[in-house]
Amino acid sequence: MTTRAAQYTATVLRREQLSDHLVRLTLGGDGLADFTSTGIPDEWVGLVVPGQFQSRYYTVRRWSGGELVLDVVVHESGLVTEWAAGDCVGDEVVINEAKGSFDLPEGPDGCCSSVT
């Protein structure tokens, strides 16, 4: 029996510079065909970029239509920072299966109820 997370290969389809220190990456490709979202609001995945063997964890911004969107904060240095700061479109990355910790309580008395 293994406890290793499932891994998926993805290609960087788009890179958008949102601010000086924030990059939005859109990942896709056939390798994500079996990727499954948890549906949990704080969903996150491990990301392994070319030339690295360690994953760094990122909150999933969106999973829709076979595309996975992640926002990456660009620091002065770091495993993913230097890669994401450059032209990474077309690069192949590895994504670990989605995880999440927080699930919204069910019913109107959960965390979000309206006042009438």
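**Strand pairing and an aromatic cluster**

User: What is the bridge partner of R24 in strand 5?
Analyst: D71 is the bridge partner of R24 there. Keep in mind that this is a predicted model.

User: How many bridges join strand 2 to strand 5, and how do the two run?
Analyst: There are 6 bridges, and the two strands run antiparallel. Strand 5 covers residues 67-73.

User: And strand 1 to strand 2, how many bridges there?
Analyst: 7 bridges join them. Strand 1 and strand 2 also run antiparallel.

User: Which residue of strand 2 is the bridge partner of Q17?
Analyst: V23.

User: Is strand 2 mostly covered or uncovered?
Analyst: Mostly covered. Of its 7 residues, 6 are buried.

User: Switching to rings. How many aromatic pairs does the structure hold?
Analyst: It holds 3. One of them is Y8 with F35, in an edge-to-face arrangement. The centres are 5.5 Å apart and the planes make an angle of 80°.

User: Where do Y8 and F35 sit in the chain?
Analyst: Y8 is in strand 1, residues 7-19. F35 is in the loop between strand 2 (22-28) and strand 3 (44-48). The two are 27 residues apart, so the pair links distant parts of the chain.

User: Is Y8 buried or exposed, and why?
Analyst: Buried, because its relative accessibility is 14% and the cut-off is under 20%.

User: What about F35, buried or exposed?
Analyst: Buried as well, at 5% relative accessibility. F35 also forms an edge-to-face pair with W63. That one is 4.7 Å centre to centre, with 65° between the planes.

User: Why does 65° count as edge-to-face?
Analyst: Because the planes are over 60 degrees apart.

User: Where is W63?
Analyst: In strand 4, residues 56-64. W63 and the loop residue F35 are 28 residues apart, and their pair links distant parts of the chain.

User: What is the relative accessible area of W63?
Analyst: 25%. W63 is partly exposed, because that value falls between the 20% and 50% limits.

User: Which residues do the ring pairs link into a cluster?
Analyst: Y8, F35 and W63. F35 takes part in the pair with Y8 and in the pair with W63.

Notes:
Residues are numbered from 1 along each chain as its sequence is written. This is a predicted model: local features need pLDDT of at least 70, side-chain atom pairs count only at pLDDT 80 or more; totals for chains, interfaces and linings use all residues. Side-chain values use heavy atoms; hydrogens and water are left out. Rings of Phe, Tyr and Trp (its six-membered ring) pair if their centres lie within 6.5 Å; planes under 30 degrees apart count as stacked, over 60 as edge-to-face and the rest as tilted. Helices (H or I, at least four residues) and strands (E, at least two) are DSSP runs, numbered from the N terminus. Buried means under 20% relative accessible area, exposed over 50%, partly exposed in between (1.4 Å probe, protein chains only). Two strands pair if DSSP finds at least two bridges between them.
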